Amino acid sequence: MASNAASVLVASNRGPVSYVLDETGQLTARRGGGGLVSGLSAIGPDTDAVWVCSALTDSDREAVRRTAGRLDPADTGGQRVRMLDIDAQVHADAYNGIANSVLWFVHHMLYQTPLEPVFDAEFRRQWAAYETYNRAFAEALAEEAAEGAAVLVQDYHLTLTPRMLRELRPDLRIGHFSHTPWAPPEYFRLLPDDIAAQVLGGILGADRAAFLTQRWADAFTDCCHAVLGPGIPSGTRIGVHGLGADAEFLRERAHRPDVDERMWALREQIGSAPDGMPRKSIVRVDRTELSKNIVRGLLAYEEMLRSRPEWRERVVHVAFAYPSRQDLAVYRDYTAEVQRVAAEINSRYGTLGWTPVELHVKDDFARSLAAYRLADVALVNPIRDGMNLVAKEVPVVSDEGCVLVLSREAGAYEELGEDAVTVNPYDIVRTAQALHEALSMSPAERAERTKRLAAQATALPPARWFLDQLAALEG
């Protein structure tokens with residue numbers, strides 16, 4: 001146990017800060033955002049809290065070497081952070097080999113099952129690295145935690161940590177939160193039987209396992225019954241916390257000058273229809289993540305242009321597809337396919353004064369917020385998504401109301417489905433019809449729906465989401 005042991009601990013693969021090392025050897029810290037950062041700041045500076053995370057880059061590892069893993073609070077906004085220098089190859093095998101290429105694929109049901117998965121000797125080697133990676137977290141948490149501390153372990157990267165930590169420190173109150181969907185038993189059991197049992201048993205080492213929606217919580221319970229037998233054998237409590245949008249931050253950030261500048265540039269890009277009226281916009285903002293379904297979204301837009309020629313030159317699809325996980329070949333291929341389909345639509349339907357798809361691949365948060373503000377329609381059509389915060393953020397910052405076209409497979413559907421135009425993400429024809437319906441909706445109905453969506457979307461902002469989990473664990 002550390003001399004200044006913490007009473008609240010968070011564990012996640014990515015921490016609240018990353019480092020850049022320049023050619024002079026100078027380290028520069030870059031702070032991140034998100035729900036956990038907001039949540040930890042909400043517990044107040046008087047609480048003894050520490051965040052345990054992994055070094056992700058060579059620059060991070062250099063920072064760990066210079067600080068013995070306990071980062072300078074000046075770099076972290078005053079937050080105590082313990083960064084782990086896990087062997088780079090072990091981290092790559094655990095993170096890319098297992099977490100992102102197996103567990104992510106299982107929970108998002110992404111496998112092409114005639115060919116994959118193949119659980120061979122190489123998989124077993126990578127699984128051993130995943131165990132090593134989880135054990136490093138468990139040991140660091142055990143070392144940092146005060147007697148009876150509350151520990152919130154995050155996501156599919158760390159499914160084994162709760163059980164390992166329980167064995168080291170039975171006095172702790174441990175929670176695990178899953179930010180992804182949870183696969184139904186028939187798909188989860190693609191995993192080798194012993195591995196499936198280990199994943200479930202790892203999470204069941206926690207006092208409480210929590211999920212973004214009731215659907216994912218029920219799927220976890222069903223998997224426990226199918227793989228481990230009836231009942232939740234450990235007495236682990238199951239909870240649901242639907243992470244919402246941070247309205248205060250978004251509304252303030254969305255009205256800064258850099259966002260206004262980008263709104264002007266986007267309006268110029270979208271332009272006017274031949275009759276002089278401003279064109280309508282269909283906006284999507286995603287990482288080029290396989291589960292986000294960007295290609296089918298483009299194909300649905302193309303189908304709308306084909307079947308509803310009255311929309312040609314009167315609408316622009318503004319698609320932000322920010323590259324993700326480009327170190328994996330399947331993601332590079334998917335990004336290339338997104339670009340190919342967008343170019344094909346522009347080639348087929350574009351005119352001298354109209355580009356049907358404006359595709360942006362360079363990440364720019366201010367531009368995303370500008371698009372949120374001016375969008376007539378927001379397309380959020382994932383194959384499967386734990387929540388999808390874009391669906392919640394757009395209604396919060398929309399200037400004049402925005403129709404949400406939403407996949408029923410997004411976790412957000414549970415809260416927002418009633419006021420969205422909902423789609424089966426695989427059905428191109430019906431998604432095209434949904435886009436037409438959304439574009440045709442009256443301004444009054446659009447504004448009314450947006451108001452209700454925004455209220456639902458902000459019901460559990462990040463700080464409240466975090467504090468609710470902490471209270472439930474301590475209760």
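Select residues 17-21 and 27-31: these are strand 2 and strand 3, which run antiparallel and are joined by five bridges. Strands here are DSSP runs of E with at least two residues, helices are runs of H or I with at least four, and both are numbered from the N terminus. Two strands count as paired if DSSP finds at least two bridges between them. Next, pick L21, which stands opposite L27 in strand 3. Five residues lie between the strands of this hairpin, where G25 takes a positive phi near 90°.

The model is predicted, so local features need pLDDT of at least 70 and side-chain atom pairs pLDDT 80 or more, while totals for chains, interfaces and linings use all residues. Residues are numbered from 1 along each chain as its sequence is written, and side-chain values use heavy atoms, without hydrogens and water.

Move to residues 294-307, helix 11, whose 14 residues reach 20 Å from first C-alpha to last, close to the 20 Å expected at 1.5 Å a residue. That expected span is 1.5 Å times one less than the number of residues. Ten of the 14 residues are buried (under 20% relative accessible area with a 1.4 Å probe, protein chains only; exposed is over 50%, partly exposed in between). Among the buried ones are I294, L298, Y301 and L305. To see what the buried residues of helix 11 pack against, show strand 10 (280-287), strand 11 (315-322) and helix 12 (329-349), which are included among the partners; contact means heavy atoms within 4.5 Å.
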